[in-house]
Amino acid sequence: MTSHDLTAPALPETDQRIHLSPRDIPPLPGATVELLGIANDPTVCFSTLAQVVRRDQALTLRMLSVANSPYYGCSRRIDSIRGAVAVLGTRQVQNIASAMALSPAFESPHGPQLWKHGLTTAVWTTQVTRALSIPPLDYVFTAGLLHDIGVVVLLSHAPQVESACLTEAHSSGRPLVELEQDRLGTDHASLGARACSSWKLPERLADLVGKHHDVEQSSALDHRVLHAANALARLCEDRDPGPASLGWEAALATLERLDLDEDEMLALLGARGDVLAEVDGFA
Ligand SMILES: [Fe+2]
Ligand SMILES: [Fe+2]
């Protein structure tokens with residue numbers, strides 16, 4: 001798959017207000033757009049999906065490697081796409097295809113951490129929907145992968161200011177979007193939504209990305225699931241992710257919005273090991 005990046009000549013940071021036009025967001029390669037379209041088509045049939053996977057050697061290898069990872073605990077070796085789809089299910093094959101298509105977009109200085117955070121958020125979305133006993137929600141997994149892509153865009157256009165915003169958000173607990181708005185006149189959530197639109201991804205996906213810090217303004221279930229998954233992913237990144245941590249409280253608050261009872265919330269928080277194992281399977 002062609003590697004692509006979102007790096008662009010950094011703008012002068014003396015005037016810290018940055019104004020990005022759609023042309024400042026580099027396009028994704030055509031093959032990536034096609035793969036993402038299929039990976040996010042809720043009506044896609046098994047044969048189309050298998051055909052697309054077979055055409056892409058890297059994707060085929062990744063699919064087989066995930067199907068054979070310890071997380072799925074399969075007793076026999078899976079050596080065909082048909083077998084992988086049988087083990088993983090169509091939706092999971094679509095999720096892996098999304099992840100494969102998008103990982104090169106995170107090639108940037110902070111890319112590896114941002115990519116792992118996106119992947120962890122995406123995997124948490126599947127755990128949260130399972131805890132709610134509902135089928136996977138359309139676009140939410142890909143929205144998990146992409147929700148912080150705006151940070152990559154900002155790091156390429158205003159690296160010093162965005163790095164300072166990230167550091168301060170981490171040390172002070174002040175929301176990153178607020179710091180970005182103060183210093184850059186824009187924020188990673190709205191830029192992420194703009195990137196999704198310019199890549200012709202479904203509008204709903206762009207909307208999820210654009211509002212991922214704005215759950216108060218949305219009662220939609222997919223928004224709340226993504227918000228919870230983001231908080232759970234952050235909790236996984238805490239050095240001490242126990243009940244005494246700030247991340248724990250933040251995660252519980254997002255789970256309360258999903259009307260889970262205490263036992264369900266604790267069971268979900270206990271799935272951390274499974275999530276990390278699944279994330280490792282993707283890597
Ligand atoms: Fe974010
Ligand atoms: Fe995030």
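The legends below describe close-up views of a predicted model.

In this predicted model, local features need pLDDT of at least 70 and side-chain atom pairs count only at pLDDT 80 or more, while totals for chains, interfaces and linings use all residues. Residues are numbered from 1 along each chain as its sequence is written, and chains are lettered from A and ligands numbered from 1 in the order in which they are written.

View 1. Helix α6 spans residues 111-131; helices (H or I, at least four residues) and strands (E, at least two) are DSSP runs, numbered from the N terminus. With 21 residues, α6 reaches 30 Å from its first C-alpha to its last, close to the 30 Å expected at 1.5 Å a residue. The expected span is 1.5 Å times one less than the number of residues in the helix. Of the 21 residues of α6, 15 are buried, and the helix is mostly covered. A residue is buried if 20 or more other C-beta atoms lie within 10 Å of its own, exposed if 12 or fewer, and partly exposed in between, with C-beta atoms placed from the backbone.

**View 2. The packing of α6 with α15.** Helix α15 comprises residues 262-269, and its axis lies 10 Å from that of α6, at an angle of about 150°. Axes are lines fitted to C-alpha atoms, for helices over the stretch in contact, and angles run from 0 to 180 degrees between N-to-C directions. The two helices are therefore roughly antiparallel; angles under 35 degrees count as roughly parallel, over 145 as roughly antiparallel, 65 to 115 as roughly perpendicular and the rest as oblique. The crossing of α6 with α15 is right-handed. A crossing is left-handed if the near helix is turned anticlockwise from the far one by less than a right angle, and right-handed if clockwise. On the α6 side, Gln127, Val128 and Ala131 meet Glu264, Ala267 and Leu268 of α15; two residues are in contact if their C-beta atoms, placed from the backbone, lie within 7 Å. This contact holds four nonpolar residues, one polar and one charged. Ala, Val, Leu, Ile, Met, Phe, Trp, Tyr, Cys and Pro count as nonpolar, Asp, Glu, Lys and Arg as charged, and the others, Gly among them, as polar.

**View 3. The oblique pair α3 and α4.** Helix α3 (residues 57-67) packs against helix α4 (residues 81-88) at about 45°, and the axes are 9 Å apart. The pair is therefore oblique, and its crossing is left-handed. Thr60, Met63, Leu64, Val66 and Ala67 of α3 meet Ile81, Ala84, Val87 and Leu88 of α4. Eight nonpolar residues and one polar residue form this contact, with no charged residues. The loop between α3 and α4 contains Pro70, which is exposed, with 9 other C-beta atoms within 10 Å.

**View 4. The crossing of α9 and α10.** Helix α9 (residues 159-172) and helix α10 (residues 176-184) cross at roughly 145°, and their axes come within 9 Å. The crossing is right-handed. From α9, Val161, Cys165, Leu166, Glu168 and Ala169 meet Leu176, Leu179, Glu180, Arg183 and Leu184 of α10. By class, the contact of α9 with α10 has seven nonpolar, no polar and three charged residues.

**View 5. Two loop residues with positive phi.** Tyr139 belongs to the loop between α6 and α7 (140-146), and its phi is near 70°, a positive value in a residue other than glycine. Tyr139 is buried, with 25 other C-beta atoms within 10 Å. Asp259 belongs to the loop between α14 (246-256) and α15, and its phi is near 60°, again positive in a residue other than glycine. Asp259 is exposed, with 9 C-beta neighbours inside 10 Å.

View 6. Leu35, in helix α1 (residues 30-39), is buried, with 24 other C-beta atoms within 10 Å. Not counting residues up to four places away in sequence, Leu35 touches Val52, Ala97 and Ala101. Leu235, in helix α13 (residues 221-237), is buried, with 23 other C-beta atoms within 10 Å. With the same exclusion of residues up to four places away in sequence, Leu235 touches Pro241, Gly247, Trp248 and Ala251. The C-alpha atoms of Leu235 and Gly247 are separated by 4.9 Å, and the two residues are twelve residues apart along the chain.
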